[in-house]
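Work through the exercises below with the sequence and the model in view. Try each task before you read its solution.

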Amino acid sequence: MPADTTLDVDALLDDPDSRVIVCCGSGGVGKTTTAAALALRAAERGRQTVVLTIDPARRLAQALGLRELGNQPRQVQVEGFEPKGELWAMMLDMRRTFDDMVRVHAGPERAEQLLQNPFYQTISTSFSGTQEYMAMEKLGQLAATDEWDLIIVDTPPSRSALDFLDAPTRLSTALDGRMIRLLTGPAKAGGWGLRKVVSAGFSMFAKAVSTIIGGQLLADASAFMQAFDSMFGGFRERARKTAELLRSSGTSFLVVAAPEPDALREASYFVERLAGESMPLAGLVANRTHPVLAPLSATEALTAAESVQNAPLAEAVLRLHADRVALAERENRLLARFTRAHPEVPLTRVPALAGDVHDLEGLRDIGVKLTS
Ligand SMILES: Nc1ncnc2c1ncn2[C@@H]1O[C@H](COP(=O)(O)OP(=O)(O)OP(=O)(O)O)[C@@H](O)[C@H]1O
Ligand SMILES: [Mg+2]
């Protein structure tokens, strides 16, 4: 075993000052599973916990009592589950979160205009970064209610863990982009405001732009921005508040990674970015590791495999063990390399379980592994 600092997950879950835990990582590494397992454990240890999941597998959602996509947390109440605290869970409905935000901040008439606008419909569902942005919006809302003392946040699937940190900037650049500002900004600011352009009739500029992005889209975008204008300040203000929450001492980021070169390299970048953004990192979860099950070296196992006669099963088991030892050693080397590069980052290992994690028992098991 390399000498890494162990991440004390229970201390993190029990600390009353710990209010938000964000599980990040690249695609498919176990963010949703980790978030749900931490939430379950925190609730069983007595905290009022809510977990915000993103697109959980159907069976996992069912295990949490999330049968339909609700955009509000529900208390997990299933037989045999009697936590000391409480566990609430929700799945993020990105579109509904965006729509609700518009309704709350744009006023009824404007809201309807916006919601019907094709440009809005595109931005709200398919713009890359919207899901991350809405997850943060939802986190802000949950934190504002003060109903839970611990909020655990899962993050959207993305190619890179960094997408999560880049998303808000990307989205606000899209909404605040030069092009759109140019189109809709007040003429007196020196730009070719669309209002001005429109009132000035067909200028070369408007023609050029509508040729490039399409006349209807231009009209939609402009209508969108005019309606959006009024809530844009609020939009940015809340994004700023949430960013502040993410930087506060009550927040901890957990980076989830597979014990593989690409995933760990990715995790390294992410750790550096978090430090650069002054966001508090609690540690790395190396998920789906393959610890060895018996204290027998690969060489010993192979030697034994050579020497057994007329015992094909024993031989197969020994060879399997040798493979497993080789894999474990490789993982240990990779994790040791990560730790050498980031000695300050505590680490915990969660072995690969035999099957998928889709019920409370499985989550509880992951919770135990996270802490041992
Ligand atoms: N330690 C583990 N042992 C066995 N299976 C695991 C483990 N961790 C996660 N899984 C399984 O791996 C799959 C992917 O996990 P999960 O959905 O948590 O990943 P994710 O990072 O949230 O993925 P995405 O980026 O797509 O959201 C799930 O089927 C889950 O049950
Ligand atoms: Mg997920």
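The exercises that follow treat confidence, the sheet, a helix pair and the ligand shell.

This is a predicted model, in which local features need pLDDT of at least 70 and side-chain atom pairs count only at pLDDT 80 or more, while totals for chains, interfaces and linings use all residues. Residues are numbered from 1 along each chain as its sequence is written, and chains are lettered from A and ligands numbered from 1 in the order in which they are written.

**Exercise 1. Find the average pLDDT of the protein and the stretch where the pLDDT is below 50.**

Solution. Begin with pLDDT, the predictor's confidence in each residue, from 0 to 100. The protein averages 83, and 81% of the residues score at least 70. The pLDDT is below 50 over residues 184–202, a stretch that has 22 contacts in the model beyond near neighbours in sequence, a contact being two residues whose C-beta atoms, placed from the backbone, lie within 7 Å. Where pLDDT is low, the predicted coordinates should not be read in detail.

**Exercise 2. Work out the strand order of the open sheet and which strands stand at its edges.**

Solution. Strands (E, at least two residues) and helices (H or I, at least four) are DSSP runs, numbered from the N terminus, and two strands pair if DSSP finds at least two bridges between them. The 8 strands follow the order S3-S4-S2-S5-S1-S6-S7-S8, with mixed pairing. Strand S3 (74–75) and strand S8 (347–351) each have a single partner strand, so one side of each is left without a neighbour in the sheet.

Next, examine individual pairs. S3 and S4 run antiparallel, joined by 2 bridges, and Gln-75 has Trp-88 of S4 as its bridge partner. S2 (residues 48–53) and S4 (residues 86–91) run parallel with 6 bridges, where Val-51 is partnered by Ala-89.

**Exercise 3. How are H2 and H16 oriented to each other?**

Solution. The two helices pack at an angle of about 85°, with axes 8 Å apart; the axes are lines fitted to C-alpha atoms over the stretch in contact, and angles run from 0 to 180 degrees between N-to-C directions. H2 and H16 are therefore roughly perpendicular, the term for angles of 65 to 115 degrees. Among the residues making the contact are Ala-36 and Leu-40 of H2, with Leu-363 and Ile-366 of H16.

**Exercise 4. Which residues come nearest to ligand 1?**

Solution. Of the 18 residues around ligand 1, those with C-beta atoms, placed from the backbone, within 6 Å of it, the nearest are Lys-31, Thr-32, Thr-33, Pro-157 and Leu-353. Helix H2 gives the largest share of the shell, 3 residues.

Definitions and conventions. Parallel < 35°, antiparallel > 145°, perpendicular 65-115°, else oblique.
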